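Let's take a friendly walk through this model, beginning with a pair of strands and ending with a pair of helices.

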Amino acid sequence: MRVTNRKKIAVIGGGITGLTAAFYLEKCARDHHLPLDVVLIESSLRLGGKIQTLRKDGFIIERGPESFIDHENSMAELAKHLGIEEAVVNNKKGQTYVAVGGHLYPIPNGILFGGSPIVPSLLTTGIVSLSGKFRAAGDLVLPKTREDKDEPIGDFFRRRFGKEVVENLVEPLLAGTFAGDIDRLSIQSMFPEIYELEKQYRSLIYGMKKTHFSFLSNHMKGYQTFKNGLETLVEKLEEQLPSKTVLKGVKVESIDKLQDGTFQIYFNNISPIKCHAVIVTTSLNEAKNMFNHYGIFDEIQDMNYATIATVTMAFEKVNCQNYDDAISFYFARNNDISITTCTWSNHKWENVAPEGYDLLRTYIGRVGDEAIVELSDADIEKTVLHDLEKSLGINQKPVFTIVSRWKQSMPQYTVGHENRLEKMREILKKDFPHVKLAGSSYEGISVPDCVLQGRQAAEEITAELFQEQLV
């Protein structure tokens, strides 16, 4: 085949989405003998984005995401293609607690894992008052909304279950997971299954019972990671990519469409590159800026991103018998506590700490409380230790503390996100065919969501460019 028939695809962003897209583009080229060249472009000097594993003195510490829930089997398939399926490990079982008004309450498994209606589960717990329990039961008789439109998560669950369930259960669980403001986050984008349950069954309780679905179970069970940390995935992906196809320390400034239908990508420090297709896996705001000179996205509002920090502390074995079974703690806003969630990592995983040590990982920061992340490491450590002593009774000095700041890193899918995303894709399809958007800013922030988006973008692009060869 002549060189002139070769196609070049640029993948912008070397996080997990971009790495996955580049890997599946290369794999497709090999499997189908396609005349395809791939270039992966990353503005920083390392690949992997927020996935960063620190291996220290027998500890495995995740600076960013620490695990995944593989609902669509996208991670299982990628691990198999990389030959690391045997390295996948499952979490240990344990209890999850929520702190309300200064007290810790175990969350009933019926709420977390489904299998029983939410209200009977609530009747056995002190998480909400008796009046709050009766109000939650009102979901069984309340009508569904008459308007088929998006709304904030907070409004949605208050309408179905009442204010107390939202304040004491829904908000701390979601704030601890997404660091977001439930009065701005979109129910349609964040929990499409729940959005559809009300439309189909009217009562969420009835719908959950009929479908054996629990809105919390999608985030509370079936965690997995890799034996040597989540960065195992990044390392293996990078190992599979030819080094000549990866550009690090190179920032994309703009993308132009040329008269022949190809694209010219301009950078801050190297000569432009011409390509036939582009997969953009950066944040939505960065993607908009690449086309800023065209003005095509002027009516699409910028996305908000939450600033958080992970604070991981190692202790010599903690004397805390009340929580020997504890895996996770979530904290409602009505507590005088700065941390949003705490994971007892060595209770959750077999391999993250040496014998005789405990490893606790906390999150601080969320929308409306970002200033705490700007404190010094010493002040953050002092704040977290104070909170752990007040909530769990831990009063030991840590062996070490690792603070990892993630500024403007957690995408916030606010109300109307689906419509904005659809409009962006319609504009690109019309004005910039063969440009795809994928990543945590778009259709899911979890690692498996990003892997799935990266693979789908790669498959769509190769199908468009090599339709005849793939038949």
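## A strand pair

Strand E2 (residues 36-42) pairs with E9 in the parallel sense, over 3 bridges. Pairing here needs at least two DSSP bridges between two strands; helices (H or I, at least four residues) and strands (E, at least two) are DSSP runs numbered from the N terminus. Within this pair, isoleucine 41 has leucine 247 in E9 as its bridge partner.

This is a predicted model, where local features need pLDDT of at least 70 and side-chain atom pairs count only at pLDDT 80 or more, while totals for chains, interfaces and linings use all residues. Residues are numbered from 1 along each chain as its sequence is written, and side-chain values use heavy atoms, leaving out hydrogens and water.

## The whole sheet

Both strands belong to an open sheet of 5 strands, in the order E9-E2-E1-E13-E19 with parallel pairing. Strand E9 (246-248) and strand E19 (435-437) each have a single partner strand, so one side of each lacks a neighbour in the sheet. From one strand to the next, the twist averages 15 degrees.

Helix H1 (residues 16-32) packs on this sheet and touches strand E1 (7-12), E2 and strand E13 (277-280), contact meaning heavy atoms within 4.5 Å. The direction of H1 makes about 170 degrees with that of E2; axes are lines fitted to C-alpha atoms, for helices over the stretch in contact, and angles run from 0 to 180 degrees between N-to-C directions.

## Two packed helices

Helix H9 (residues 192-201) packs against helix H10 (residues 204-211) at about 100 degrees, with the axes 9 Å apart. H9 is therefore roughly perpendicular to H10 (65 to 115 degrees; under 35 is roughly parallel, over 145 roughly antiparallel, the rest oblique). Among the residues that meet are Leu197 and Tyr201 in H9, and Leu204 and Met208 in H10.
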